[in-house]
Amino acid sequence: MKKIFDHTGIAVRNIEESIQFYTTVLEGELIDRYRSEAEGVESEIAIIDIDGDRFELLMPTNNTTSPIARFIKQKGKGVHHLAYRVDDLDKAIAELGEQGIRTLEWSRRTNKHGRRLIYLNPADTEGTIIEYCDYKG
C-alpha cells in the first residue's frame, strides 16, 4: 500500500513559545489549535503549516498520564513521531500484521479533523514512533 508523508509530531514543553518559533522564525502559519483530554492523548495541539509541510506541536496537559509527558521525561522535547497517510487504515494495519509489525492499539483513535490514526510499536520500527493515518472520518 502506498504511504505518503503527512506530518511531523513535535513534543514541546511550552506551546506558546513553540508556536512563536514556528510562525515567526520559520514563517509558518498556525492552522488550528485545540486541546484533547482523551485517554492516550491528553495534550494541547497546534497544527502549523510551513509551505505545505505540516507540524503538530504537542504539549502535555497532564504531566502524570499524558504519553507526551512520558516521552518528554524519557527523551526530552523534540520529534515525537512521523506520520504517513495511507489509503485505508484498516487494510494497512492488516498488512503490518502480515509483516510482523505490531501496533499500539491504545493509540488507535479518530481526531477532531476526522483523521483515523494508530502508532506502530517503536520496538518494531528501529525505535521511531511512526503513525499511520487516513482521512475517511
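I began with Thr-8 and listed its contacts (heavy atoms within 4.5 Å): Thr-8 touches Arg-54, Phe-55, Glu-56, Val-79, His-81 and Leu-82, leaving out residues up to four places away in sequence. The model is a predicted one, where local features need pLDDT of at least 70, side-chain atom pairs count only at pLDDT 80 or more, and totals for chains, interfaces and linings use all residues. Residues are numbered from 1 along each chain as its sequence is written, and side-chain values use heavy atoms, with hydrogens and water left out.

I then placed Thr-8 in strand β1; helices (H or I, at least four residues) and strands (E, at least two) are DSSP runs numbered from the N terminus. Buried means under 20% relative accessible area, exposed over 50%, and partly exposed in between, with a 1.4 Å probe and protein chains only. I also looked up a pair 114 residues apart along the chain: the C-alpha atoms of Thr-8 and Pro-122 are separated by 16 Å.

Next I went to helix α1. Ile-15, Ser-18, Ile-19 and Tyr-22 are buried there. Those buried residues fall within an arc of 100° seen down the axis of α1, so they line one face of the helix; the arc is taken from the directions from the helix axis to the C-beta atoms. Their cover includes β1, β2 (29-36), β3 and β4. The face turned away from the buried side carries exposed Glu-17 and Val-25.

At the start of α1, I found a side-chain oxygen of Asn-14 within 3.0 Å of the backbone nitrogen of Glu-16. After α1 comes Glu-27, with a positive phi near 60°.

I checked Val-25 separately. Val-25 lies in α1, which spans residues 15-25, and has a relative accessible area of 54%. With Phe-21 and Leu-26, Val-25 makes a nonpolar surface patch of about 260 Å².

Last, I looked at helix α2 (residues 67-75), where Pro-67, Ile-68, Ala-69, Phe-71 and Ile-72 are buried. I noted that the buried residues of α2 pack against β1 (3-11), β3 (43-50), β4 (53-60), β5 (78-86) and β6 (103-110). Ser-66 caps the N-terminal end of α2, with a side-chain oxygen 3.1 Å from the backbone nitrogen of Ile-68. Just after α2, Gly-76 takes a positive phi of about 85°.

For the patch entry, I kept the rules beside the value: patch residues have over 30% relative accessible area and no salt bridge, like charges are joined within 9 Å, and nonpolar side chains (Val, Leu, Ile, Met, Phe, Trp, Tyr) within 5 Å. A salt bridge is a side-chain nitrogen of Lys or Arg within 4 Å of a carboxyl oxygen of Asp or Glu.

Notes. Accessible areas come from the Shrake-Rupley method with a 1.4 Å probe; for residues, only the protein chains shown count as cover. A polar contact is a pair of N or O atoms within 3.5 Å; within protein, one must be able to donate a hydrogen and the other to accept it, and residues adjacent in sequence count only if both atoms are side-chain atoms.
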